[in-house]
Amino acid sequence: MIKIRTPRTELVLLNPEDAELLLEYRLTNRDHLTPWEPERNENFYTLKQCEHQLTAQRKSFDEGTGFQLTALTSDKNEIIGLCNFNNIVHGVFQACHLGYSISKKHEGQGLMLEIVSAGIDYVFQEAKLHRIMANYIPDNHRSAALLKKLGFEEEGRARSYLKIAGKWQDHILTSRINPAHSEDSQN
Ligand SMILES: CC(C)(COP(=O)(O)OP(=O)(O)OC[C@H]1O[C@@H](n2cnc3c(N)ncnc32)[C@H](O)[C@@H]1OP(=O)(O)O)[C@@H](O)C(=O)NCCC(=O)NCCS
């Protein structure tokens, strides 16, 4: 179980029984998120698909392949934002990909920064991963600003990297390395 308190939110792993919260988040933020996410069919906006997604998330946590953290309001009745650490690879890589979104009504208040910072602390200090990778579409200025504030370093531009909103789109690649491992580094 994960429960991380931040000044304004609590980050948890949702259970399949919480599917209604996730559905509400998807429906309320449909227009807000559509330009930055894979194309969704109508099934994505159903309770059944949300239950399925939360079951899969629980499995990935149990198997050590992902942490999908959800930030809730203090009354726990609403999702503020999502912060996912996916594609965890162990062995010599010890790395994962970061993805995030915040509900439109909570955007522009520094909440995503607060949520993702807490998630990163967990990944570096508790899970002890070495590298977190995060990639954004060049036009996604809010995402670029967030990653800069979080200390992610730009590593290049990948052409035609992900199919977002129905189009293969270039992405700026960035990453952050666990500061606790810096003394092991040879350069
Ligand atoms: C990208 C995204 C997560 C950024 O969210 P955000 O709310 O702008 O991020 P932050 O938490 O860093 O908030 C920054 C804003 O809060 C303001 N702010 C207010 N109080 C603050 C505080 N205490 N600390 C920091 N910033 C604060 C900042 O001035 C800034 O405002 P501005 O945008 O008007 O300049 C959001 O736009 C989003 O969900 N987009 C759609 C999905 C998406 O693009 N996902 C990423 C794909 S790569």
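## Leu-82 in strand S4

Leu-82 lies in strand S4, which covers residues 79–89. The model described here is a predicted one. Leu-82 counts as buried because it has 23 C-beta neighbours inside 10 Å, and the cut-off for a buried residue is 20 or more.

When residues up to four places away in sequence are not counted, Leu-82 touches Thr-70, Tyr-100 and Ser-101. A further distance places Leu-82 relative to Val-12: the two are 70 residues apart in sequence, and their C-alpha atoms are 9.9 Å apart in space.

## Overall fold

The chain contains five helices and eight strands. Their order along the sequence is β-β-α-α-α-β-β-β-α-β-α-β-β.

The radius of gyration of the chain is 16 Å, which agrees with the value near 16 Å that a compact globule of 187 residues would have. Along its principal axes, the C-alpha trace spans about 50 × 35 × 30 Å. Of the 187 residues in the chain, 24% are buried. Among contacts between residues at least 6 apart in sequence, 60% join residues at least 24 apart.

## Packing of H1 and H3

Helix H1 (residues 19–28) packs with helix H3 (residues 47–63) at an angle of about 115°, and the two axes are 8 Å apart. The crossing of H1 past H3 is right-handed.

On the H1 side, the contact is made by Ala-19, Glu-20, Leu-22 and Leu-23, which meet Leu-47, Cys-50, Glu-51, Gln-53 and Leu-54 in H3. Sorted by class, the residues of this contact are six nonpolar, one polar and two charged.

Ala-56 also belongs to helix H3. Ala-56 is partly exposed, because 13 other C-beta atoms lie within 10 Å. Between Ala-56 and Thr-73 there are 23 Å in space, C-alpha to C-alpha, for a separation of 17 residues in sequence.

## Surroundings of the ligand

The ligand is surrounded by 18 residues, of which the closest are Trp-36, Gly-110, Met-112, Leu-113 and Arg-142. Two or more residues of this shell come from each of strand S5 (95–102), helix H4 (111–126) and helix H5 (141–149). Helix H5 gives the largest share, four residues. By class, the shell has nine nonpolar, six polar and three charged residues.

Lys-149 is placed in helix H5. Lys-149 counts as partly exposed because it has 13 C-beta neighbours inside 10 Å. Lys-149 and Phe-85 are 64 residues apart in sequence, and 18 Å separate their C-alpha atoms in space.

## Positive phi in two loops

Most residues other than glycine have a negative phi. Gln-94 has a phi near 50°, a positive value in a residue other than glycine. The position of Gln-94 is in the loop between S4 and S5. Gln-94 is partly exposed, because 15 other C-beta atoms lie within 10 Å.

Ala-165 likewise has a positive phi, near 50°, and is a residue other than glycine. Ala-165 sits in the loop between strand S7 (153–164) and strand S8 (167–177). With 14 C-beta neighbours inside 10 Å, Ala-165 counts as partly exposed.

## Ile-164 in strand S7

Ile-164 is a residue of strand S7. Ile-164 is partly exposed, because it has 17 other C-beta atoms within 10 Å, whereas a buried residue needs 20 or more.

Leaving aside neighbours within four places in sequence, the contacts of Ile-164 are Trp-36, Glu-37, Pro-38, Ile-137 and Gln-169. One of these partners, Trp-36, is also among the closest residues around the ligand. For Glu-37, the C-alpha to C-alpha distance to Ile-164 is 5.3 Å, although the two residues are 127 apart in sequence.

Key: Residues numbered from 1 in each chain as written. Predicted model: local features only at pLDDT ≥ 70, side-chain atom pairs only at ≥ 80, totals over all residues. Buried ≥ 20, exposed ≤ 12 C-beta atoms within 10 Å, placed from the backbone. Contact = placed C-beta atoms within 7 Å. Rg over C-alpha atoms; globule rule 2.2 N^0.38 Å. Axes fitted to C-alpha atoms, helices over the stretch in contact; angles between N-to-C directions. Left-handed = near helix turned anticlockwise from the far one by under 90°. Nonpolar A, V, L, I, M, F, W, Y, C, P; charged D, E, K, R; others polar. Near = placed C-beta within 6 Å.
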